[in-house]
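Colleague: Hi! Could you walk me through this structure while I look at it?
Modeller: Happy to, just ask as we go.

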Protein chains: 2
Amino acid sequence: MKEQEKISKEQLILEAAEQEFFIKGYDGARTTSIAQRAGVTHAMLHYYYRTKEQLFERIIEKNAKTIAETMLAAMGNPTMPIVERLKDGVSAHFDLVATNPLLPRFFLNEIIARPERYNLLYDKMKSIAGVLFASMQCEIDAAAKRGEMERVDIRMLLMSTLSLNIFPFIIHDFAQPVMGDLMADREQFIQQRKAENVETIMRRIKKM
Amino acid sequence: MKEQEKISKEQLILEAAEQEFFIKGYDGARTTSIAQRAGVTHAMLHYYYRTKEQLFERIIEKNAKTIAETMLAAMGNPTMPIVERLKDGVSAHFDLVATNPLLPRFFLNEIIARPERYNLLYDKMKSIAGVLFASMQCEIDAAAKRGEMERVDIRMLLMSTLSLNIFPFIIHDFAQPVMGDLMADREQFIQQRKAENVETIMRRIKKM
DNA sequence: TTTTGCGTTAACAAAATTGTTAGATAAAAT
DNA sequence: ATTTTATCTAACAATTTTGTTAACGCAAAA
């Protein structure tokens, strides 16, 4: 009967840690503050996770897959024709970011502050990206030749996609009070923003 | 004759602090590390600036004007016709960001971690933005009615502009090794990216 | 019932980080 | 030359943050 509470306490710390780390980063997070947030003494945190460092690792592990999936999503569904594939990429990437709105800023900050820590994930990305970029560029060039779309550099286009999809979530809290009613209803804003980004990218590749 | 060195030492600390704060943020920065970077003992840092907090304030003060100017720049030159004005806004904003590539991420992180600290700058922004948004929207609607451009929400368009202009600099170091030769020559990349962003926004508002 | 082991707490210890001070040194002023 | 002032250093002190431990309770197993 204590089994449920036990799981719950360990879990509570993990969830509190994620909140704290996502908002304040590794350096800004305080183990006591995490414990407080979770409603336990800070000795408990050390009991379950030993060190701040190890607790942090758990949070990274828990989110590494999401990070990788999100980036991949931006490349769209490879079975679709390239124009639809790009559109699908913007849309799918946006959805994943919207589901994990704090993750990109957190991850980018950590990787900038301590790049050496993420060599694993990083090297994998490089090799995957190289291949994917090449094949997508090839398809783009072919489609452009057929007059189906503008010829663009896939890397520039993906950079635009990531920018448009991620940045609004980074500035969300900052922008909200400035934007009048635009962001008052979160769900509605997210929906509008997604449409805006798809439209922006589609227009960018439209043959003119 | 020591006069030059004196200025230089105090100055060295300030510059080292800016580097450290910009990369690691307030919490990640270490006063000893700043001192080391500046080539002085950390007692010197306290001698000149008393506390880490006060040193940080100096960095904020030094950059507050740039932050405000950059945001304003995105709204373009008010004397121009709206379509050109928007184009000018993208371009001018990009240039300012490119000149201070670390500033946006730093500032956004700080304002997210400690929003209460920036109420002054923030309230000012809100009141200015409200007026500017309204007048620009008005011009856009008029131009749209004349068939000169697509009707768009100025707030969405500005959000896109900021996203496209700022985010590439946030991911710069992360993206560079992934992007093949695209970012090898920094100056060239910046120039290309600027053109890309202008093109993207111009296509977004083009009447179709 | 005793034992075993996990969960818990409070108090403590260690480490990391920031901040201070007394006095040395050099420069400037009188 | 002497006083005064600013700069600087090394050693130390304070504070903050992280991590440990000893003892206790309690539930389940033996």
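This is a predicted model: local features need pLDDT of at least 70, side-chain atom pairs count only at pLDDT 80 or more; totals for chains, interfaces and linings use all residues.

Colleague: Thanks! What is the phi of Arg50(A)?
Modeller: It is near 65°, a positive value in a residue other than glycine.

Colleague: And is Arg50(A) buried or exposed?
Modeller: Arg50(A) counts as exposed, because its relative accessibility is 62%. The cut-offs are under 20% relative accessible area for buried, over 50% for exposed, and partly exposed in between, using a 1.4 Å probe and protein chains only.

Colleague: What about phi in Arg50(B)?
Modeller: Arg50(B) has a positive phi of about 70°, and it is not a glycine either. Its place is the loop between α3 (42–49) and α4 (52–73) of chain B. Arg50(B) is exposed, with a relative accessible area of 61%.

Colleague: Let's zoom out. How many helices and strands does chain A have?
Modeller: Chain A has ten helices and zero strands. Its C-alpha atoms fill a box of roughly 65 × 45 × 35 Å along the principal axes. Of its 208 residues, 49% count as buried.

Colleague: Which residues of α6(A) are buried?
Modeller: Ten of the eleven residues in α6(A) are buried, so this helix is mostly covered. Among them are Leu103(A), Phe106(A), Phe107(A) and Ile111(A), and also the charged Arg105(A) and Glu110(A).

Colleague: Now the two chains together. How many residues of each are in contact?
Modeller: 49 residues of chain A are in contact with 51 residues of chain B, where contact means heavy atoms within 4.5 Å. The area buried between the chains is about 5,000 Å², and carbon and sulfur atoms give 69% of that. Buried area is the accessible area (1.4 Å probe) that two parts lose on being put together, summed over both.

Colleague: How many salt bridges are there between chain A and chain B?
Modeller: The count is six. A salt bridge here is a side-chain nitrogen of Lys or Arg within 4 Å of a carboxyl oxygen of Asp or Glu.

Colleague: Which helix of chain A gives the most to the side that touches chain B?
Modeller: That is α8(A), with eleven residues. By class, this side of chain A has 27 nonpolar, seven polar and 15 charged residues. Nonpolar covers Ala, Val, Leu, Ile, Met, Phe, Trp, Tyr, Cys and Pro, charged covers Asp, Glu, Lys and Arg, and the others, Gly among them, are polar.

Colleague: Back to Arg155(B): where is it, and is it buried or exposed?
Modeller: Arg155(B) sits in helix α8 (residues 154–170) of chain B. At 15% relative accessibility, Arg155(B) counts as buried. Beyond its neighbours within four places in sequence, Arg155(B) is in contact with residues including Met179(A), Leu182(A) and Phe133(B).

Colleague: Which salt bridge does Arg85(A) make within its chain?
Modeller: Arg85(A) meets Glu139(A), at 3.5 Å from N to O. Arg85(A) lies in helix α5 (residues 82–99) and Glu139(A) in helix α7, so the pair ties together parts 54 residues apart in sequence. Arg85(A) is buried at 2% relative accessibility, whereas Glu139(A) is partly exposed at 28%.

Colleague: Last one: which residues are joined into one network with Arg203(B)?
Modeller: First, Arg203(B) and Glu199(B) meet in a salt bridge (2.7 Å, N to O). They are four residues apart in helix α10 (residues 186–205) of chain B, about one helical turn. Salt bridges that share partners then join Glu150(A), Glu199(B) and Arg203(B) into one network.

Methods. Residues are numbered from 1 along each chain as its sequence is written. Chains are lettered from A and ligands numbered from 1 in the order in which they are written. Side-chain values use heavy atoms; hydrogens and water are left out. Helices (H or I, at least four residues) and strands (E, at least two) are DSSP runs, numbered from the N terminus.
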